[in-house]
Amino acid sequence: MSGHSKWATTKHRKAAQDAKRSALFSKLARNITVAAKEGGDPNPDNNASLAAAIEKAKGYSMPKDKIKTAIDKAFGSGKDAANYETVVYEGYGPAGVAVLCEALTDNRNRTAADVRAAFSHSGGNLGTSGSVAFQFERKGQIVVAKEVETGDKKNPVGPNGAAADEEEFMLAVAEAGGEDYEDADEEWVVTTAPSDLMAVVKALEAQGVAVKGAELVMVPTTPTEVSVADAKKVMRLIDKLEELEDLQSVYHTMDITDEIAEALDE
């Protein structure tokens, strides 16, 4: 295990989403509703997709009552019924950076028009199905805090089991069936095979390691090198896309180096 992945890309996407929390909760709720409906079971123990959707929501501190409401909506009727379909949009942003968008929509024409407008207004081009998907691979991603709240007033924060020590955590991840991990400052980010996501979450928790959040993501197989100036143009496109209510996730192949990460944080 190298302790290296593509967390920088996800971190910037996550930061942008965190800044729009109310809109984010709406997207997370839609994701939970669809997972519950497609799985045909409101119990996450019997519905792996729903379990993953709930773990993702927990990672963004979505309240339990909102999660329950989203699950209930999947089995409603009439005006409360959920009729979303999954659509993937692909294209290229500035500097040839591949962009892949995952949407849950109740109006495919509206969503397509919004996505096309975002690309064209940001110097990009919406492509055809399959035009960039080959540049990504599906992975499970688990976020683990190195320290957790203890409930002790004298020592409010303490080590999160094996996560407090890299050597111990590496062994814990290997035993749990994780593929890789990366040091992300106050957190570890564990990468898994898509089908192993929830099994690895449960295995880590069984070892006394609290999991902050887990989700399925698309990871670029060959990152695209860009200049700082082009990186800012790409992020403007990503921001426009993430503002669209129908889009659940936006992925790109831009290689976020330390220099670019610093420039984007300014």
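What follows is a working chat about a predicted model of one protein chain.

Trainee: Before I look at anything, what kind of model is this and how are residues numbered?

Mentor: This is a predicted model, in which local features need pLDDT of at least 70 and side-chain atom pairs count only at pLDDT 80 or more, while totals for chains, interfaces and linings use all residues. Residues are numbered from 1 along each chain as its sequence is written, and side-chain values use heavy atoms, with hydrogens and water left out.

Trainee: What does the protein chain average in pLDDT?

Mentor: The average is 87, and 90% of the residues score at least 70, pLDDT being the predictor's confidence in each residue, from 0 to 100.

Trainee: Which elements have the lowest and the highest mean pLDDT?

Mentor: Helix 1 (residues 7-18) has the lowest, at 52, and helix 6 (residues 166-176) has the highest, at 97. Over residues 1-7 the pLDDT stays under 50, although the model has 28 contacts beyond four places in sequence for them, a contact meaning heavy atoms within 4.5 Å.

Trainee: Which residues of the largest nonpolar core touch the most other members?

Mentor: They are Tyr89, Val99, Cys101, Leu241, Leu247 and Met254, out of 24 residues in that core, a nonpolar core being a set of buried Ala, Val, Leu, Ile, Met, Phe, Trp, Tyr and Cys residues joined through side-chain atoms within 4.5 Å.

Trainee: Which elements supply it?

Mentor: At least two residues each come from strand 1 (85-92), strand 2 (98-105), helix 5 (108-121), helix 8 (228-242), strand 10 (247-252) and helix 9 (258-264), and helix 8 gives the most, with six residues.

Trainee: What does Cys101 touch?

Mentor: Leaving out residues up to four places away in sequence, cysteine 101 touches Val87, Val88, Tyr89, Phe119, Leu241, Leu247, Ser249 and Val250.

Trainee: Switching to helix 7, which of its residues are buried?

Mentor: In helix 7 (residues 197-206), the buried residues are Leu197, Met198, Val200, Val201 and Leu204. They lie on the same side of helix 7 because they cover an arc of only 160° around the axis, an arc taken over the directions from the helix axis to the C-beta atoms. An α-helix has 3.6 residues a turn, so residues three or four places apart point the same way.

Trainee: What do those buried residues pack against?

Mentor: They pack against helix 3 (48-59), strand 4 (136-145), helix 6, strand 8 (187-192) and strand 9 (213-220). Helix 7 is followed by glycine 208, which has a positive phi near 90°.

Trainee: Where do positive phi values turn up in residues other than glycine?

Mentor: One of them is serine 61, with phi near 60°, in the loop between helix 3 and helix 4 (64-74), and at 56% relative accessibility serine 61 counts as exposed. Alanine 95 also has a positive phi, of about 65°, and is found in the loop between strand 1 and strand 2, where at 42% relative accessibility alanine 95 counts as partly exposed.

Trainee: How far is serine 227 from alanine 95?

Mentor: Their C-alpha atoms are separated by 8.6 Å, although the two are 132 residues apart along the chain. Serine 227 is in the loop between strand 9 and helix 8 and is partly exposed, with a relative accessible area of 37%.

Methods. Buried < 20%, exposed > 50% of the residue type's maximum accessible area, 1.4 Å probe, protein only. Helix = DSSP H or I, 4+ residues; strand = E, 2+ residues; numbered from the N terminus.
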